Amino acid sequence: MKFTKTLLAGSAAIALSTSAFATDLEVTHWWTSGGEAAAVGEFAKAFDATGNKWVDGAIAGSGGTARPIMISRITGGDPMGATQFNHGRQAEELVEAGLMKDLTAVAEAGKWKDVINEIGLLDSCTIDGKIYCAPVNIHSWQWLWLSNKAFADAGVAVPANWNELVAAAPKLREKGMVPLAVGGQPWQTTGVFNVLMSGLGGKDLYLKVYDAKDAEVAGGADVAKIFSALNDAREMSRGSNVQDWNQATNMVITGKAGGQIMGDWAQGEFQIAEQVAGTDYSCLPGLGVNELLSTNGDAFYFPKVDNAEISAAQDKLAEVLFAPTTQVAFNLKKGSLPIRKDVDLAAANDCMKKGLAILAKGGLVKSTDQLISPDTATQIDDLMTQFFSDESITPEDAQKRFAGIIKSAD
Amino acid sequence: MSAQARPSQLFKNLNAKIASIPMILTALVVFVGGTFWTILYSFTDSKLLPRLRFVGLDQYERLWSAPRWLTSIENLLIYGILSLIFSLVIGFLLAALLDQKIRFEDTFRTIFLYPFALSFIVTGLVWQWILNPDFGVQKVVRSLGFDSFVFDPLYNSDIVIYGILIAGLWQGTGLIMCLMLAGLRGIDEDIWKAARVDGIPMWKTYLFIVIPMMRPVFITTLVIIASGIVKLYDLVVAQTGGGPGIASEVPAKYVYDFMFRAQNLGQGFAGSTMMLLSVAIVIIPWAYLEFGGKKRV
């Protein structure tokens with residue numbers, strides 16, 4: 001009996017002493033690859049410097065695996081201190097259900113509205129005039145990566161836009177190369193489609209389809225052109241036979257494939273392979289046609305908790321994530337663009353500089369993550385992956401189904 | 001008369017009744033309650049969080065017009081029928097062969113049952129490698145000199161489901177064999193002797209005497225196989241991820257993806273209700289045969 005009492009007193013004392021020392025904040029995210037882990041380490045370092053403690057809760061297996069776990073923890077009453085989501089509509093309902101903490105005070109103190117690169121990023125965090133998340137970076141999908149070696153081997157000039165790539169495709173085929181590497185996972189095929197939509201169709205068309213959700217436009221002649229380009233892409237991608245995006249990128253790096261449509265995170269792969277932008281590989285933002293970049297990216301959300309200490313630590317973390325020094329350190333390692341316009345990324349490489357220039361010109365458009373619900377996105381994923389794997393589906397059939405999805409989209 | 005006349009039926013075996021209350025509650029609240037809750041919410045437009053806003057049969061209409069759901073059902077039918085037939089036939093044949101009082105029976109039994117000790121995830125990954133054209137069977141046969149040999153079921157939309165079937169059978173037949181063997185051992189030795197005295201050939205004895213006597217074993221086996229078919233999920237996830245395209249999707253994966261990835265609970269519930277219906281179609285006739293028949297006693 002006495003022993004138990006001592007034990008209880010002892011453990012209480014230990015618990016008290018640690019909580020007085022610093023507040024532990026568990027942060028869940030799905031950044032587990034080498035470069036990503038290094039980038040998130042910058043956040044942890046900056047947060048620890050404030051006297052609190054970052055408890056890393058990385059969940060392996062990409063967003064599709066991690067999000068259900070995060071959501072069930074929040075709805076199940078065991079919330080973490082903070083969690084990553086892609087900014088956009090993934091956490092919309094959690095906010096509406098009152099499970100997320102209001103960050104408006106922090107945002108106003110930090111003048112987020114004045115320094116943010118694209119106000120749409122903050123709009124996605126805003127519901128009923130209150131800000132619920134802290135965006136941390138901008139990733140864009142609209143990049144065509146080209147292997148200079150592949151085109152030299154085939155004896156054609158490196159294309160300067162999508163149409164030149166399509167024209168050069170037969171030459172690449174003759175040499176046994178795959179003109180356009182596309183990985184087999186559904187999100188990659190959808191990505192190709194959306195990039196064609198914004199790159200070839202332009203901002204207006206993209207927004208009419210995904211923002212206004214106009215089914216007539218989606219079934220109309222302009223989108224028909226996109227589907228015929230998608231047919232070209234399917235033709236050019238035959239023989240890819242890889243699943244993961246980085247395997248497809250590797251085909252471009254080794255010169256087995258002419259190009260790949262993939263977001264700016266592909267850049268990390270070229271860097272690791274010690275390739276130099278401009279000499280070993282080329283990048284064409286917006287397929288070299290419409291220089292538009294979408295604002296895909298990540299944001300942190302803070303579940304509401306009944307504990308003043310944790311709540312204060314959450315505010316602190318939101319402030320740290322948005323701070324200029326953390327933004328620079330994080331984005332250089334992540335290969336993404338910063339969300340603040342008042343920071344200087346002098347160390348950026350050629351391709352990143354192209355991106356920054358487009359950013360400065362205001363060539364940004366909301367990402368599909370922000371515009372359509374995950375439900376609609378899944379339906380489009382299903383359609384696109386089926387289109388790419390089954391040659392018997394004509395572009396016309398696919399467009400008809402696409403228009404149907406847009407009609408019922410939310 | 002009065003108080004001591006007859007103890008109420010309700011208080012008979014009181015201890016046993018109290019002891020079984022937790023299980024009764026679990027069954028009622030978790031299983032039955034959960035089932036009705038799911039069915040109820042399948043008529044709503046619940047997204048990430050359940051909410052009671054009824055939309056009638058909209059979710060079911062969408063479900064039955066989704067190409068992916070239709071492919072899933074078709075795959076489940078092909079996988080289900082073939083896996084039922086092949087597991088029963090192969091399982092019974094293996095059991096009959098083992099029953100011939102052969103040497104090293106224990107060793108063989110262990111070998112055949114061994115795959116069952118592996119999870120579906122491991123099975124799926126192993127067969128993914130074996131069926132991979134660049135590393136597996138195709139490569140081996142080609143390196144033997146047959147240069148035009150093609151065997152890549154996992155990369156061909158038309159036959160991918162058979163690639164999964166092979167892995168499923170490899171994993172599951174061992175268990176069926178063991179159940180059958182147990183059934184065969186339950187047959188009285190005298191029946192064999194009598195059949196032999198009458199000069200009935202062995203295959204006829206199996207087909208017309210032994211198998212009818214093993215009816216209960218067959219029914220149990222059938223239910224085990226059938227429930228394994230309906231919940232097919234992890235094998236597909238590990239082996240093909242539903243690909244190429246949507247060619248190897250199955251209903252359980254559809255339900256999971258829509259509930260947790262697409263954040264559309266209503267659609268997922270509609271799918272799982274349809275799955276429940278298919279299980280009911282299997283279970284109800286079985287229950288009728290098993291329990292309905294015994295009333296004559």
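Trainee: What percentage of the 297 residues of chain B count as buried?

Mentor: First, a caution: this is a predicted model. To judge burial, count neighbours: a residue is buried if 20 or more other C-beta atoms lie within 10 Å of its own. In chain B, 30% of the 297 residues count as buried.

Trainee: How many helices and how many strands does chain B have?

Mentor: Chain B has 14 helices and 0 strands. Read along the sequence, the pattern is α-α-α-α-α-α-α-α-α-α-α-α-α-α.

Trainee: Why is chain B said to be more spread out than a compact globule?

Mentor: For 297 residues the rule gives 19 Å, but chain B has 25 Å, well over that, so chain B is more spread out than a compact globule. Now look at the C-alpha trace. Along its principal axes it spans about 90 × 65 × 30 Å.

Trainee: What percentage of contacts between residues at least 6 apart join residues at least 24 apart?

Mentor: Sort the contacts by separation in sequence. In chain B, 69% of those contacts join residues at least 24 apart.

Trainee: How many residues of chain B are in contact with chain A?

Mentor: The size of an interface is often given as the accessible area lost when the parts come together. Here we count residues instead. On chain B there are 18, in contact with 17 residues of chain A. Helices α4 (67-98) and α13 (251-261) of chain B each supply at least two residues of that side. The largest share, 4 residues, comes from α13(B).

Trainee: Which classes of residue make up the side of chain B that touches chain A?

Mentor: That side has 9 nonpolar, 5 polar and 4 charged residues.

Technical notes
Residues numbered from 1 in each chain as written. Chains lettered and ligands numbered in written order. Predicted model: local features only at pLDDT ≥ 70, side-chain atom pairs only at ≥ 80, totals over all residues. Rg over C-alpha atoms; globule rule 2.2 N^0.38 Å. Buried ≥ 20, exposed ≤ 12 C-beta atoms within 10 Å, placed from the backbone. Contact = placed C-beta atoms within 7 Å. Nonpolar A, V, L, I, M, F, W, Y, C, P; charged D, E, K, R; others polar.
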